[in-house]
Amino acid sequence: NEFEISIKTGANILQQLSPEKYKAVDVLITPDGQWHLNGAPKEAKDIAINIDVAFNALHGEHGEDGNISQKLERLGVPYTGSQAMPSALAVNKIFTKEVLARAGIKTPPGMLIEDYRDSTSEDDREEKVHELALKVFKSIPSPWILKPARGGSSINTFVVKNFEDLQIALN
């Protein structure tokens, strides 16, 4: 879901690297998982032998969740960014909040809202959204930031300041 921004980030990195200092190699991983080296499809293991270090420009799923880091570790390729395990843990906001609380680090109040869309009929959805909005309204002071529990960037992130907008965001 963040493929396009990953492409822009990678292009920017390639443009900024000094050709006098670095030999940049363009590695692309398509949304279906196909790896490419300088535009040509290749196996990941065949690409790994052509690079000294990977500059991870992937956003969202696979890039920020530790998936690509784990693959690079298995291939023996050093890379920028966090290791696979901390990335996987940090991308889960609920788990991260729990770990921080156990370490005595304060975080803003929060609430996990389960996805109700598949278990609620279209007729019941408006009432369910209203109930959820009331629960949030009574439990946490505004403004509210609604964001998926997993994922990066600001995709599906809403900052709301009143009850009506809260219902819209929850819907």
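**Entry 1: terms and model.** I take helices (H or I, at least four residues) and strands (E, at least two) as DSSP runs, numbered from the N terminus. The model is predicted, so I read local features at pLDDT of at least 70 and side-chain atom pairs at pLDDT 80 or more, while totals for chains, interfaces and linings use all residues. I number residues from 1 along each chain as its sequence is written, and side-chain values use heavy atoms, with hydrogens and water left out.

**Entry 2: overall layout.** I looked up the elements of the protein and found seven helices and five strands, which follow the pattern α-β-β-β-α-α-α-α-α-β-β-α along the sequence. The radius of gyration, taken over C-alpha atoms, is 21 Å, well over the 16 Å that the globule rule (2.2 Å times the number of residues to the power 0.38) gives for 171 residues, so the protein is more spread out than a compact globule. I noted that the C-alpha trace spans about 60 × 40 × 30 Å along its principal axes.

**Entry 3: the three-stranded sheet.** I followed an open sheet with the order E1-E2-E3 and antiparallel pairing, where strands pair if DSSP finds at least two bridges between them. Strand E1 (27-29) and strand E3 (40-41) are the edge strands, each pairing on one side only. Strand E2 (residues 35-37) pairs with E3 over two bridges in the antiparallel sense, and I found that His36 has Pro41 of E3 as its bridge partner. In the loop between E2 and E3 I came to Asn38, whose phi is near 50°, a positive value in a residue other than glycine.

**Entry 4: H6 against H7.** I checked how helix H6 (residues 122-139) packs on helix H7 (residues 163-170): the angle is about 125° and the axes, lines fitted to C-alpha atoms over the stretch in contact, are 9 Å apart. H6 and H7 are therefore oblique to each other, as angles under 35 degrees count as roughly parallel, over 145 as roughly antiparallel, 65 to 115 as roughly perpendicular and the rest as oblique. The contact (heavy atoms within 4.5 Å) is made by Val129, His130, Leu132, Ala133, Leu134, Val136 and Phe137 of H6 with Phe163, Leu166, Gln167 and Leu170 of H7.

**Entry 5: a cis bond.** I looked beyond H6 and found Pro143 in the loop between H6 and strand E4 (144-146). A cis peptide bond joins Ser142 and Pro143, with omega about 0°.

How values were computed
Axes fitted to C-alpha atoms, helices over the stretch in contact; angles between N-to-C directions.
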